[in-house]
Amino acid sequence: MVDSSPPASSAVVVAGDEETRVLLRGLLRLHHFRVDGEAEGATQCLELIRDHHPSLLVADVNLAEGSSTTLVAEARKVVPGLRVVLVAPASRPPAPSPDGGPDVVLLRPFRIRQFAEALIPTSPARTG
């Protein structure tokens, strides 16, 4: 029997907090993304992106090292078409980035439906 389903899209998750990484990984798998790796900081995340060339980066604004703004810019140098979903607290949304920030800013707390919509390339720039 041959599996005719399309290959899973791949993703990398980065967040300074382990619980956040576990949550984001689980939500990605729920939506049929293959999670190629997880990192707690920008340096480790960029290594994963260089190694795996994922189609999606899901990043929390709270990283163990580095900044999410720099991470987004550097990640897109490695994978130019990379889709980036940035997760931030609603109480402190990030300022818009002049150098082409994330595709979607997803504000916490969010609903699973909002997360799913953020994964789709036609979703709005800010969800919350």
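Tutor: Let us begin with secondary structure. Helices are DSSP runs of H or I with at least four residues, strands are runs of E with at least two, and both are numbered from the N terminus. Please note that this is a predicted model.

Student: How many helices and strands does the chain have, and what pattern do they follow along the sequence?

Tutor: There are four helices and six strands. Their order along the sequence is β-α-β-α-β-α-β-β-α-β. Of the contacts between residues at least 6 apart in sequence, 58% join residues at least 24 apart.

Student: What is the general idea behind a salt bridge, and how many are counted here?

Tutor: Side chains of opposite charge can pair when their charged atoms come close. The count here is seven salt bridges. One of them joins Glu38 and Arg21, at 4.0 Å from N to O. This pair links distant parts of the chain, with Glu38 in strand β2 (residues 33-39) and Arg21 in helix α1, 17 residues apart. Glu38 is partly exposed at 25% relative accessibility, whereas Arg21 is buried at 12%.

Student: Which residue forms a salt bridge with Arg34, and where do Glu117 and Arg113 lie?

Tutor: Arg34 pairs with Asp36, their closest N and O atoms being 2.8 Å apart. Arg34 is partly exposed at 43% relative accessibility, while Asp36 is buried at 19%. Glu117 and Arg113 both lie in helix α4 (residues 112-118), four residues apart, or about one turn of the helix. Their side chains form a salt bridge of 3.0 Å, N to O.

Student: Which residues gather in a patch of negative charge on the surface?

Tutor: The patch consists of Asp17, Glu18, Glu19, Glu40 and Glu65. Glu65 is found in the loop between β3 (56-60) and α3 (68-78). With a relative accessible area of 35%, Glu65 is partly exposed.

Terms used: Residues are numbered from 1 along each chain as its sequence is written. This is a predicted model: local features need pLDDT of at least 70, side-chain atom pairs count only at pLDDT 80 or more; totals for chains, interfaces and linings use all residues. Side-chain values use heavy atoms; hydrogens and water are left out. Contact means heavy atoms within 4.5 Å. Patches are made of residues with over 30% relative accessible area and no salt bridge: like charges are joined within 9 Å, nonpolar side chains (Val, Leu, Ile, Met, Phe, Trp, Tyr) within 5 Å. Accessible areas come from the Shrake-Rupley method with a 1.4 Å probe; for residues, only the protein chains shown count as cover. Lys and Arg count as positive and Asp and Glu as negative; His and the chain ends are not counted. The place of a charge is taken as NZ of Lys, CZ of Arg, CG of Asp or CD of Glu. Buried means under 20% relative accessible area, exposed over 50%, partly exposed in between (1.4 Å probe, protein chains only).
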